[in-house]
Amino acid sequence: MELRNFIADLVPQANELIWDNYIAVAIAYVKSGKLKDAFCHIAIYSKYVPFGFNRGAELTSGTLKLNRKGKLIRHISIKDIKSFPMNEISILISEAVELSDKHNSELWNKHTQGKSKIMSISEKN
């Protein structure tokens, strides 16, 4: 919840797209309703939370070392909120939002309040 609040405070117009998968709950943050416009994401696992940037390979701000995952996605693993590098992540989120806006000019002037939208819920086995 603290990570969700952190993102909402930084980008209040961001929407949450939520997926309940079999092994984790994944949340993408977008200024539209489309996953392709996501600037960051989190996934909730039992032992850690990856905090990722959808275009992380293109981020140039900050000194935080991000782990690789694919051609564009980069992330850090969060084990507890006390060790979460808020200042460094804030800088990267600002740049990630700018990149997202750059790739979709319709997002530039979006000044709405963000909403949460459940995209899918996995069936229980």
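User: How do I read the span of a helix?

Analyst: Start with the rule: the expected span is 1.5 Å times one less than the number of residues in the helix. Helices (H or I, at least four residues) and strands (E, at least two) are DSSP runs, numbered from the N terminus. This is a predicted model, where local features need pLDDT of at least 70, side-chain atom pairs count only at pLDDT 80 or more, and totals for chains, interfaces and linings use all residues. Residues are numbered from 1 along each chain as its sequence is written, and side-chain values use heavy atoms, with hydrogens and water left out. Now the case: helix H2 covers residues 86-103. Its 18 residues reach 25 Å from first C-alpha to last, close to the expected 26 Å.

User: Which residues of H2 are buried?

Analyst: An α-helix has 3.6 residues a turn, so residues three or four places apart point the same way. Buried means under 20% relative accessible area (1.4 Å probe, protein chains only). In H2 the buried residues include Ile89, Leu92, Ile93, Ala96, Val97 and Leu99. Glu95 and Asp101 are also among them.

User: What do the buried residues of H2 pack against?

Analyst: Contact means heavy atoms within 4.5 Å. The partners are helix H1 (2-10), strand E4 (49-53) and strand E6 (73-78).

User: How many helices and strands does the protein chain have?

Analyst: Two helices and seven strands. From the N terminus on, they run α-β-β-β-β-β-β-α-β.

User: What share of the protein chain is buried?

Analyst: Buried residues make up 42% of the 125 residues. The C-alpha trace spans about 45 × 30 × 30 Å along its principal axes.

How values were computed:
Buried < 20%, exposed > 50% of the residue type's maximum accessible area, 1.4 Å probe, protein only.
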